[in-house]
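Good morning, and thank you for coming.

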Amino acid sequence: MKIVVIVRTRDEEARIGPFCDAYKNVDRILVGDGGSVDRTVEIAKIYPNVEVRHFEERVMLNNGHWRNNDSRHTNWLIAWAKEYQPDWIISDDCDCRPNYLLKQQYRTILKKTDVDFVQVVRLYVWLSDRHFPYMAKPYTEDRDKWCPSLWAWRGNVDFWTVDTFPHFTFRIGSMPIRDLVSDAKVFDVMPPACLIHYSWDNVERVERKVRTHIESGSMPGQLHPLEFAGPLEVLPEWAVE
């Protein structure tokens with residue numbers, strides 16, 4: 001069974017190493033770098049199962065800021081992954097990694113499932129030891145039900161993103177996906193196996209990201225996560241790598 005991981009990067013020198021370590025047992029990690037000026041590419045190339053290509057397209061924003069278009073960047077990576085004719089494609093952010101249980105189980109999960117898509121619960125971490133549980137339980141009034149999100153799909157599925165700047169939705173062939181669970185067959189991986197999302201692991205980086213979204217106009221109403229992500233809780237014992 002061939003598994004290919006795709007990941008978009010730009011100035012991720014603090015995260016690309018742990019990400020590649022987390023997926024060291026897959027067949028290929030394809031890094032689509034969108035213009036890093038730090039050591040992201042240098043670090044990624046250390047790993048024997050990693051390949052790096054440069055995504056050159058930029059979207060110019062306000063006040064001299066620019067970004068990579070998320071949808072076109074992702075579709076470019078999907079097309080690259082398909083060159084390897086993988087059984088499964090895993091797509092993840094560079095700041096998101098499987099916990100130790102998911103690392104142990106993901107090959108078995110992908111091998112045994114008879115559906116085309118696999119979703120996994122993501123825990124959104126604040127700094128290092130707390131998380132925002134409502135971010136992983138966003139759709140229930142009582143907030144007691146984990147809500148997984150897309151993580152992997154079969155390589156032979158005609159699955160792509162649709163640009164809805166500043167992010168994207170999905171399509172299968174020409175069919176838009178309103179809700180993956182309703183429009184496709186999905187297997188949900190639930191805790192204690194999970195993904196750990198470290199997007200808010202550094203206060204200075206978080207504040208800089210918020211300012212960039214506001215100044216660039218990409219998300220002019222962007223709030224700090226402590227203002228919108230709900231209450232914090234201590235990470236569960238099983239939420240470790």
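**Salt bridges and cores**

R67 and D70 form a salt bridge, with 2.8 Å between the closest N and O atoms; by salt bridge I mean a side-chain nitrogen of Lys or Arg within 4 Å of a carboxyl oxygen of Asp or Glu. Both R67 and D70 are buried, where buried stands for under 20% relative accessible area, exposed for over 50%, and partly exposed for what lies in between, with a 1.4 Å probe and protein chains only.

A word on the source. This is a predicted model, in which local features need pLDDT of at least 70 and side-chain atom pairs count only at pLDDT 80 or more, while totals for chains, interfaces and linings use all residues. Residues are numbered from 1 along each chain as its sequence is written, and side-chain values use heavy atoms, with hydrogens and water left out.

How many salt bridges does the rule give? The count is 17.

Let me turn to E51 and R28, whose side chains meet in a salt bridge at 2.8 Å, N to O. E51 belongs to strand β3 (residues 50-54) and R28 to strand β2 (residues 28-33), so this pair ties together parts that are 23 residues apart in sequence. Helices (H or I, at least four residues) and strands (E, at least two) are DSSP runs, numbered from the N terminus. E51 is partly exposed at 24% relative accessibility, and R28 is partly exposed as well, at 28%.

The next pair is R72 and E57, a salt bridge whose closest N and O atoms are 2.5 Å apart. Because R72 lies in helix α3 (residues 70-82) and E57 in the loop between β3 and β4 (59-60), the pair ties together parts that are 15 residues apart in sequence. R72 is partly exposed, with a relative accessible area of 36%; for E57, also partly exposed, the value is 32%.

There is also a network of salt bridges, which links E12, R15, D95, D201 and R205.

I come now to the nonpolar cores, each a set of buried Ala, Val, Leu, Ile, Met, Phe, Trp, Tyr and Cys residues joined through side-chain atoms within 4.5 Å. Which residues have the most contacts inside the largest core? They are Y23, I29, L102 and W151, in a core of 33 residues. Helix α4 (residues 100-112) supplies the largest share of this core, 5 residues. Another core lies apart from it, with 18 residues, among them I6, F117, L150 and A184.
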